[in-house]
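This report describes selected features of one protein model. Please view the sequence and structure below before reading on.

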Amino acid sequence: MYISATQINLQIPYELAAGSANLVVRSGGESASIGFTIQAAAPGIFVDYRNGNVVPDESVAGGSAIGIYATGAGLTTPTVATGNLPSAGTTPVPNLPVTVTIGGVAVTPAYIGIPSWSVGVLQIDVTAPASLAAGYQAVVVEIGGVRSKTALLNVTH
């Protein structure tokens, strides 16, 4: 999907079964590889690499809506072919259950799905609890029992 001198963005094919896998990168006659495990889900929240804050909105007032973007949602219904946008008029949703917490408080998503403009990116719209204290709060997305790394959201009042 994207390649630069220091970064490769790729999509693990939906068709690969859970288990051991090996990723090999070849360039200029050289190669490098890394082994990893494919799971049914492996959520990762999109964050600012400099500070771990949720992007694109790093701050939100308590009681306000925010969109969280994540990858690693696993299989969806309807299915989406690897490397493709969802079919027109569809909103693919993960087959596995999705939960979100902000500041340790469970929040109910108003929307979950892969938007029409996205290849493999899950959008989750939630409302930050009004009861949260001002300051940085932990955000965690869990899909099928697998937790993301913690991201940060600056809650204001």
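## Nonpolar surface patch

Nonpolar side chains (Val, Leu, Ile, Met, Phe, Trp, Tyr) are joined into a patch within 5 Å, provided that the residues have over 30% relative accessible area and no salt bridge. The model discussed here is predicted. In this model, Ile3, Ile8, Leu10, Ile12, Leu16, Leu23, Val25 and Ile34 make a nonpolar surface patch of about 680 Å².

One of the patch residues, Ile8, belongs to strand E2, which spans residues 8-9. Ile8 has a relative accessibility of 41% and therefore counts as partly exposed.

Strand E3 covers residues 19-27 and strand E4 covers residues 30-38; the two pair in the antiparallel sense over 9 bridges. Within this pairing, Gly19 is found opposite Ile38 of E4.

The two strands form a hairpin, with 2 residues between E3 and E4. In the turn, Gly28 has a positive phi of about 55°. Most residues other than glycine have a negative phi.

## The four-strand sheet

An open sheet is formed by 4 strands in the order E5-E7-E13-E12, with antiparallel pairing. E5 and strand E12 (111-113) are at the edges; each has a single partner strand, so one side of each lacks a neighbour in the sheet. The pairing of E12 with E13 is antiparallel and runs over 3 bridges. Gly113 is placed opposite Gln123 in E13.

Gln123 is part of strand E13, residues 122-127. Its relative accessibility is 13%, so Gln123 counts as buried. The Gln123 side chain makes a polar contact of 3.0 Å with the side chain of Asp125. Leaving aside neighbours within four places in sequence, Gln123 is in contact with Ile68, Tyr69, Tyr111, Ile112, Gly113, Pro115 and Trp117.

Ala128 is located in the loop between E13 and strand E14 (135-143). With a relative accessible area of 1%, Ala128 is buried. Its contacts, leaving aside neighbours within four places in sequence, are with Val60, Ala61, Gly62, Gly63, Ser64 and Ile102. Ala128 and Ala106 are 22 residues apart along the chain, and 9.8 Å separates their C-alpha atoms.

## Salt bridge

The structure has 1 salt bridge. Asp48 and Arg50 form a salt bridge in which the closest N and O atoms are 2.8 Å apart.

Are these two partners, Asp48 and Arg50, buried or exposed? Asp48 counts as buried because its relative accessibility is 8%, under the 20% cut-off. Arg50, in contrast, is exposed, with a relative accessible area of 64%, which is over the 50% cut-off.

## Cis peptide bonds

Most peptide bonds are trans. Val55 and Pro56 are joined by a cis peptide bond with an omega of about 15°. Pro56 lies in the loop that runs between strand E5 (44-45) and strand E6 (59-61).

Another cis peptide bond joins Thr77 to Pro78, with an omega of about -10°. Pro78 is in the loop between strand E8 (76-77) and strand E9 (93-94).

Terms used:
Residues numbered from 1 in each chain as written. Predicted model: local features only at pLDDT ≥ 70, side-chain atom pairs only at ≥ 80, totals over all residues. Heavy atoms only, no water. Pairing = 2+ DSSP bridges. Salt bridge = Lys/Arg side-chain N within 4 Å of Asp/Glu carboxyl O. Buried < 20%, exposed > 50% of the residue type's maximum accessible area, 1.4 Å probe, protein only. Polar contact = N/O pair within 3.5 Å; in protein donor to acceptor, adjacent residues only side chain to side chain. Contact = heavy atoms within 4.5 Å. Patch = residues over 30% accessible without salt bridge, like charges linked within 9 Å, V, L, I, M, F, W, Y side chains within 5 Å. Areas by Shrake-Rupley, 256 points an atom, 1.4 Å probe, with all protein chains shown as cover.
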